[in-house]
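Take a walk through the side chains of this protein.

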Amino acid sequence: LETVSARDILGVALLPGAAGPVRPGRRANRACATTDRMASLPTNNLSSNRNRGVVKICIVSDSHDRAPMLAAAVSAARHDGAQAVVHCGDVIGAGTLKPLLALGLPVHVVHGNNLGDAMALHRMCADSGGLLVYHGADAELELGGRRIFATHYPHYARGIACTGDYEIVCCGHSHRASVTQEATVSGGTTWVVNPGTIAGLHAPPTWILADLDACEFEIRTLE
């Protein structure tokens with residue numbers, strides 16, 4: 001698979017903040033934004049244990065009780081070098097995450113508008129030995145040295161991205177995979193990454209393999 005730019009995909013160069021859809025099977029690639037404001041942010045609220053050495057992650061969302069499809073995506077991501085998973089919500093049944101325990105990757109989960117049994121999800125994560133982490137409505141993460149924010153709603157993600165506090169903001173809900181950049185108040189840009197729905201509801205079943213070192217985001221379709 002070749003790395004392509006927005007110009008390759010759309011025939012035009014994108015301005016910061018402009019929507020930049022990336023077709024499944026291709027990568028968005030541009031250096032992650034950094035700002036002085038980000039460098040000065042405190043780190044004590046960020047989930048960073050076990051995550052300093054992470055380079056590649058699997059980003060998924062909207063699994064909607066489709067445990068086999070979620071497990072297949074995470075398994076493929078692990079095969080290709082992913083060392084952690086970010087799930088952007090709409091897990092619904094806690095049992096959807098159970099097959100992931102056997103894969104051994106740390107999984108960071110937020111909930112969506114289809115909450116399911118939040119207590120069951122909390123209990124499963126509490127009993128997972130630290131592999132499953134349920135953050136609630138959103139999560140602040142530090143993975144591979146990148147400041148990452150995860151939430152369910154795209155409009156919330158775009159708003160958070162504008163602050164410039166994070167290099168990558170992950171979201172779901174729309175069931176449409178996309179990788180875009182949002183202009184920040186400090187004059188930089190932040191990646192907004194939506195993996196689509198791994199459940200394949202009203203859209204192809206998609207997920208994203210992210211290389212945090214190179215800031216490459218590859219939309220993949222589950223076979």
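**Side chains that meet**

Tyr 166 is buried, with a relative accessible area of 9%. Buried means under 20% relative accessible area, exposed means over 50%, and partly exposed lies in between (1.4 Å probe, protein chains only). This is a predicted model, in which local features need pLDDT of at least 70 and side-chain atom pairs count only at pLDDT 80 or more, while totals for chains, interfaces and linings use all residues. Residues are numbered from 1 along each chain as its sequence is written, and side-chain values use heavy atoms, with hydrogens and water left out.

Start with the rings. A pair of aromatic rings is described by the distance of the centres and the angle of the planes. Here, rings of Phe, Tyr and Trp (its six-membered ring) pair if their centres lie within 6.5 Å. Planes under 30 degrees apart count as stacked, over 60 as edge-to-face, and the rest as tilted. The structure holds three aromatic pairs. One of them joins Phe 149 and Tyr 166. This pair is tilted, at 5.2 Å centre to centre and with 50° between the planes. The pair links distant parts of the chain. Phe 149 sits in strand β7 (residues 146-150), and Tyr 166 sits in the loop between α5 (154-162) and β8 (168-170), 17 residues apart. Helices (H or I, at least four residues) and strands (E, at least two) are DSSP runs, numbered from the N terminus. Phe 149 is buried, at a relative accessible area of 5%.

Trp 191 and Phe 217 make another tilted pair, with 5.1 Å centre to centre and 55° between the planes. Trp 191 lies in strand β10 (residues 189-194) and Phe 217 in strand β12 (residues 216-221), so this pair ties together parts that are 26 residues apart in sequence. Trp 191 counts as buried at 5% relative accessibility. Phe 217 is buried too, at 0%. Back at Phe 149, look for a cluster: Phe 149, Tyr 156 and Tyr 166 form one.

Now the charged side chains. A salt bridge is a side-chain nitrogen of Lys or Arg within 4 Å of a carboxyl oxygen of Asp or Glu. By this rule the count is three. Find Arg 146 and Glu 167, whose side chains meet in a salt bridge (2.8 Å, N to O). Arg 146 is in strand β7 and Glu 167 in the loop between α5 and β8, 21 residues apart, so the pair links distant parts of the chain. Both residues are buried.

Arg 220 and Asp 80 also meet in a salt bridge (2.3 Å, N to O). Arg 220 lies in strand β12, and Asp 80 lies in the loop between α3 (67-79) and β3 (84-87), so the pair ties together parts that are 140 residues apart in sequence. Arg 220 is buried at 19% relative accessible area, whereas Asp 80 counts as partly exposed at 27%. Arg 220 meets Glu 218 as well (3.0 Å, N to O). Both Arg 220 and Glu 218 are buried. Salt bridges that share partners join Asp 80, Glu 218 and Arg 220 into one network.

Last come the cysteines. A disulfide is a covalent bond between the sulfur atoms of two cysteines. The cut-off is a pair of cysteine sulfur atoms within 2.5 Å. How many disulfides does a search of the whole structure find? It finds zero. The sulfur of Cys 170 has its closest cysteine sulfur in Cys 88, 5.0 Å away, too far for a bond. Cys 170 is buried at 0%, while Cys 162 is partly exposed at 25%.
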